[in-house]
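Please have the model open as you read.

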Amino acid sequence: MAETARIRPSTRLSTTGMAVPPTKGNAPGRLPVLGHAIPLRRRPLEFLAALPAHGDLVEIRLGPQRAYLACRPELVRQVLLDPRTYDKGGPLFDKVRPLVGNGLFTSAWAEHRLQRRLVQPAFHSSRTASYAAVMCEEIESMLGSWEEGRAIDLGATLHALTVRVTTRTLFSTTIGGRAVADVQHCLPVILRGIYRRMTSPVGLLERLPTPENRRFKEARRRLRAVIDETIQGCRRSGADNGDLLSILVGARDEESGEGFTDDDIRDQVMTLLIAGTETTASVLAWALHLLSRHPEVEKQLHDEADRILAGRLPAFADLPALDYARRVVTETLRLYPPAWLLSRTATVQTELAGEQLKPGAIVLYSPYVLGRNPDLFPDPGRFDPDRWLPERAASVPHGAMVPFGAGSRKCIGDAFGLAEATLALAAISTRWQLRPVPGTTIRPKPEAALGTGPLRMLPQPRRFGAGSGCTSP
C-alpha cells in the first residue's frame, strides 16, 4: 500500500459555475478534556446540524481526540468509496466492536472482504421472495392484534415485528418462542448501552457497577447464549432450513475454502440482529408519525394502496407497484436516518478537503446532517415524498443521501430492510389509519439508532375505497 493516499481533493461548483474548494472550520464550544462530549451527549442532533455553517470539514473533539465531520457530499463519497484509506474505526466502532463482535458492520477492510463474500449469498435477490413471505405473515399477525380505539405503543409494536421477522429469517424453525422473547427483551438494552459507551469521552461510566451497566452485561450475556445454543443446534442437525443461519454454517469461500467458526457466526448474527431490527422499526415509526401529521401525503398513500391492493394485504410481487410507499420510506430515511452518525479511521497519511490527516485520524459523517442541509435539499424540513420522483431525485448530489452507506461497505441488508418497510407501510395503510394519542409529544431519540421513543397511537380501521379518514361500518 502506498504511504500516502493520492486522492484529488473534492471541489464543488459555485452559482457561477466556477470550482469552489472545500472549506475547513472548527466546532465552537470546546471544553478542556471533555472537548464536545457534553453537546454530543445532551443535544447531538442540534449540535451536528449546526456544524456545516462552520465549514465543509469541521474539526470537533471527542474528549481529547480530534475528529473531522465531513459535511459535503463529495467529501463523504471520497471517504466511503475508498475503504482501504478510510477503514471502519474510530471511537464509535472501536467501542462497539468488543460488544457486538467482529461482524460485517465493525470488521476492518481485509476481514470484511472475506466476510462479505461468505454472507452475500444469504442476501441474493433470489432469496428475497422467501424472506418477504415471512415479513407478510408477521405483518398480518401484527395487524390482526390491533383493535379500534385501543392505544398501542407503536415503537414497541414495530420493534417486536422486526425482531420476529429477523429471527425467523435468521433462524427459521431452529429458535423457540422463549428465545425470541429473550432477543426482543435484550436488544433494546444492548443498543442503549452501546450508545452510552460510544459517547463516553473517557470510558469511565461503563466501568462503574451501576444498575444500568449490570442490565447491559446481563442482556449481552443472555443474547450471546441464545445465539450460541442456536448455532450449535444447527450444526448438530446438519439440516439446511433455508434460513440465514444455515447459509452461514455451510458457507465456504471459493478462493480460500475457509468457513466461519462458531464465534464468527455469532458475530455475524449479532450484527444482523441489531441492523435488522432497530433500524427498520425506527424508520416505520417515524414514517407513520409523519403520515399522521401530513394528511395530504397519507391520502396519496391510501389511494395507492386501494388502487394496487384493492383491500388485500401486499405480497412480494406487489413491491414494484408500491412506488409511493417506497418514496415515503425514502423521504423518512432522509429526515430520520437510523444510522445518524458514523465514523472512519485513516489508515495512511492522506488529504481531505485540504486537511492533512495522519494515520489514525477520525473522520465522521452524518446522514442526518446531510439530509437536513438546505444546500442539498430545498426546504429540508418539509416531508415531501415526491422529491424522490425520478426527475427530481436526479438533482440530488451523489453522497447527499447515504442512509445505508456507499461503496463496498454499503449495508448488505438494504434491499431486505426497504422491502420490509414498504410492505409493512402498505399493509398498515390498507387496513388502518393511525392517529397519535392526544397529548403525545415526540422528540428524536438519538441512541445507537435514531428512534422516536414511546409513540402511542390509536388505530382506526379503513375499508377499501373509502379514502383517508373513513372507517368501516
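How close do the axes of helix 12 and helix 16 come, and at what angle do they cross? They come within 9 Å and cross at roughly 90 degrees. This is a predicted model, in which local features need pLDDT of at least 70 and side-chain atom pairs count only at pLDDT 80 or more, while totals for chains, interfaces and linings use all residues. Residues are numbered from 1 along each chain as its sequence is written, and side-chain values use heavy atoms, with hydrogens and water left out.

**Helix 12 with helix 16**
- Helix 12 and helix 16 are therefore roughly perpendicular to each other (angles of 65 to 115 degrees count as roughly perpendicular, under 35 as roughly parallel, over 145 as roughly antiparallel and the rest as oblique).
- Axes here are lines fitted to C-alpha atoms, for helices over the stretch in contact, and angles run from 0 to 180 degrees between N-to-C directions.
- Helices (H or I, at least four residues) and strands (E, at least two) are DSSP runs, numbered from the N terminus.
- Leu301, His302, Ala305 and Leu309 of helix 12 meet Leu425, Ala426, Ser429 and Thr430 of helix 16, where contact means heavy atoms within 4.5 Å.
- This contact has 5 nonpolar, 3 polar and no charged residues (Ala, Val, Leu, Ile, Met, Phe, Trp, Tyr, Cys and Pro count as nonpolar, Asp, Glu, Lys and Arg as charged, and the others, Gly among them, as polar).

**Helix 13 and its partners**
- The axes of helix 13 (residues 323–335) and helix 16 (residues 414–431) cross at roughly 120 degrees and come within 9 Å, which makes helix 13 oblique to helix 16.
- On the helix 13 side the contact uses Ala325, Arg326, Val328, Val329 and Leu333, and on the helix 16 side Leu418, Ala421, Thr422 and Leu425.
- By class, that contact holds 7 nonpolar, 1 polar and 1 charged residues.
- Helix 12 and helix 13 have axes that come within 8 Å and cross at roughly 145 degrees.
- Val297, Gln300, Leu301 and Glu304 of helix 12 touch Asp323, Tyr324, Ala325 and Val328 of helix 13, giving 5 nonpolar, 1 polar and 2 charged residues.

**Largest cavity**
- On a 1 Å grid over the protein atoms alone, a cavity is a set of points where a 1.4 Å probe fits but cannot get out, a pocket is an open set with protein on both sides within 12 Å along at least five of seven lines, and lining residues have an atom within 4 Å of a point.
- Grid points are joined across faces, edges and corners, and a volume is the space filled by probe spheres set on the points.
- The largest cavity holds about 70 Å³ of space, and its lining includes Leu301, His302 and Ser429.
- Helix 11, helix 12 (295–309), helix 16 and strand 12 (432–436) each give at least two residues to that lining.

**Second largest pocket**
- The second largest pocket has a volume of about 450 Å³.
- Its lining numbers 21 residues, with Gly155, Pro188, Glu278, Lys445 and Gly453 nearest the centre.
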